[in-house]
Amino acid sequence: RRVVSRLDPREYQIHSISAPEPHELRHHYLWRFWKRLPDAAGMAIFDRSWYGRVLVERVEQYASPAEWQRAYTQINAFEQQLCQHGVIIVKIWLAISNDEQLSRFKARETEPHKHFKITPEDWRNREKWEQYQTAVADMLAHTNTPVAPWHVIATDDKYTARLAVLETLETQLRRAVERLDMVDG
């Protein structure tokens, strides 16, 4: 919301990605992301993305070890192809501490206006904290590339995190425009 608040809604799309639908499972896992990419003048924001293969699908064993291990190479190739086509990729990982996540979960349970933000599934996933931490560390190590580097932002302090996200986006977009100007000029 804060990223797009000043933008014309016709210029961007936000994709909140959830579990694949049955018809999507008949395709390669990247297919559902390829079809959501914007045209050359547009912008897409993915709230969760193709990284589900090496995170949720890995931890929950929806993907075999061979599938999620192969995904690192597939993801890097996918992002390389996008960049070669002129797409600017800014990857942000919002990192939260175990204690802060627990505090927020408890607040969501006790504050009526936040009940919708917490489910039994959240608590179940929290029990796999260590598995997710391992998967995240592997993801960051194997998919941090020169064309699509990761930007890890600590989120225990929401205000500071929001500023860091906006600053990261501004810096990365500015650098991309400067590179284009150098190529064109």
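Which residues form a positive surface patch? The patch consists of Arg 1, Arg 2, Lys 117, Lys 158 and Arg 162. Patch members have over 30% relative accessible area and no salt bridge, with like charges joined within 9 Å. A salt bridge is a side-chain nitrogen of Lys or Arg within 4 Å of a carboxyl oxygen of Asp or Glu.

The model is predicted: local features need pLDDT of at least 70, side-chain atom pairs count only at pLDDT 80 or more, and totals for chains, interfaces and linings use all residues. Residues are numbered from 1 along each chain as its sequence is written, and side-chain values use heavy atoms, leaving out hydrogens and water.

| Residue | Relative accessibility | Class |
|---|---|---|
| Thr 155 | 9% | buried |
| Leu 102 | 26% | partly exposed |
| Lys 117 | 38% | partly exposed |

Helices (H or I, at least four residues) and strands (E, at least two) are DSSP runs, numbered from the N terminus.

Leu 102 belongs to helix 4. Beyond four places in sequence, Leu 102 has contacts (heavy atoms within 4.5 Å) with Trp 123 and Arg 126. Between Leu 102 and Tyr 159 the C-alpha to C-alpha distance is 18 Å, at a sequence separation of 57 residues.

Thr 155 occupies the loop between strand 4 (150–154) and helix 7 (158–184). With residues up to four places away set aside, Thr 155 touches Leu 94, Ala 95, Ile 96, Arg 104 and Ala 161.

Terms used: Buried means under 20% relative accessible area, exposed over 50%, partly exposed in between (1.4 Å probe, protein chains only). Patches are made of residues with over 30% relative accessible area and no salt bridge: like charges are joined within 9 Å, nonpolar side chains (Val, Leu, Ile, Met, Phe, Trp, Tyr) within 5 Å. Accessible areas come from the Shrake-Rupley method with a 1.4 Å probe; for residues, only the protein chains shown count as cover. Lys and Arg count as positive and Asp and Glu as negative; His and the chain ends are not counted. The place of a charge is taken as NZ of Lys, CZ of Arg, CG of Asp or CD of Glu.
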